[in-house]
Amino acid sequence: MSEIETFTRLLLIGGEGQIGSALARQLPQAFPQATLHVTTQDRVDFTKPETLTRAVREFAPDLIINAAAYTAVDRAEQEPDLAQQINGIAPGILAEEAKRLGATLIHYSTDYVFDGNKRTPYVEDDTVHPLNEYGLSKRAGEIAVRQSGACALILRTSWVYGLTGHNFLLTMRRLASEREALRIVDDQIGVPNDSEALAAATIQLVAQGKTRLRENAGLYHLSATGETSWFGFAQAIFAALPADSKSPHKRPRLIPITTEEYPLPATRPAYGVLSSERLRQTLGISLPSWQAMLQTCLAVRGQESGIRD
């Protein structure tokens with residue numbers, strides 16, 4: 001077996017986001033011999049493409065991981081240009097720089113590129129049809145990366161949560177301390193994914209080395225198995241709470257509602273389950289069930305760091 005050609009200079013764009021912060025913690029442990037450079041919003045302004053170009057050229061990485069994104073789905077309806085700048089144009093700039101350097105790019109996308117009209121898991125070759133500005137911007141980013149000709153892996157995922165940042169898990173914990181009952185949408189089906197698990201899977205990809213990723217560049221889905229609704233996700237979150245009455249977290253009454261009963265500016269797909277079979281068969285990467293992933297997040301890392309509401 002030939003020796004793996006490892007990456008030695010890693011540039012992480014968006015180190016303050018959910019997946020980005022997990023990568024910023026995990027990458028130095030996984031690749032102690034590599035040099036890691038992490039950019040955050042105070043270093044790179046996505047409305048000024050030259051700051052992106054400068055960040056890449058000054059560091060000259062052989063691997064770029066773009067974990068930065070505009071993720072305010074509803075606000076994107078009022079800020080479509082900004083969403084396009086961050087999610088659509090910036091990834092293309094990074095891809096062009098990666099091609100110029102001969103570097104590999106890893107970029108994250110979303111289930112929201114689909115319209116949700118299927119009722120079986122989406123595969124990579126299914127037709128995309130975003131329903132909102134956020135989805136349109138992420139689709140534009142996919143197109144820009146693929147058209148650049150760079151060696152790139154696009155990883156679509158969904159319903160990202162974790163112990164830091166802004167996400168459904170932490171929102172549920174916060175609202176539970178404020179309300180006796182919570183009304184949760186039960187007719188949107190998807191897959192929750194822990195940011196730490198997504199980062200760990202990304203590291204498994206990086207560990208396969210330059211040649212293997214170059215030979216298998218392309219579009220993949222990266223998601224836990226199974227499916228649930230937002231209501232089912234909330235049920236699982238609160239079911240994991242300690243039964244001890246001394247627990248600081250409350251168990252509110254959960255009320256299932258329809259999407260129509262909870263109108264939002266951005267239309268969500270009714271079904272966004274992603275099949276990760278291509279990634280498993282091609283590169284040997286797979287994630288556990290969403291239930292097991294949530295249990296690990298709450299039971300293991302929750303004890304280590306505490307839930308920050």
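In which loop is Trp 159 found? Trp 159 sits in the loop between strand E5 (151-157) and strand E6 (160-161); helices (H or I, at least four residues) and strands (E, at least two) are DSSP runs, numbered from the N terminus. The model is predicted, so local features need pLDDT of at least 70 and side-chain atom pairs count only at pLDDT 80 or more, while totals for chains, interfaces and linings use all residues. Residues are numbered from 1 along each chain as its sequence is written, and side-chain values use heavy atoms, with hydrogens and water left out.

Trp 159 is not a glycine, yet has a positive phi of about 45 degrees. With a relative accessible area of 9%, Trp 159 is buried (buried is under 20% relative accessible area, exposed over 50%, partly exposed in between; 1.4 Å probe, protein chains only). Ala 60 also has a positive phi, near 50 degrees, and lies in the loop between helix H2 (49-59) and strand E3 (63-66). Ala 60 is partly exposed, at 35%.

Cys 151 counts as buried at 16% relative accessibility, and Cys 297 at 1%. The structure holds zero disulfides, a disulfide being a pair of cysteine sulfur atoms within 2.5 Å.
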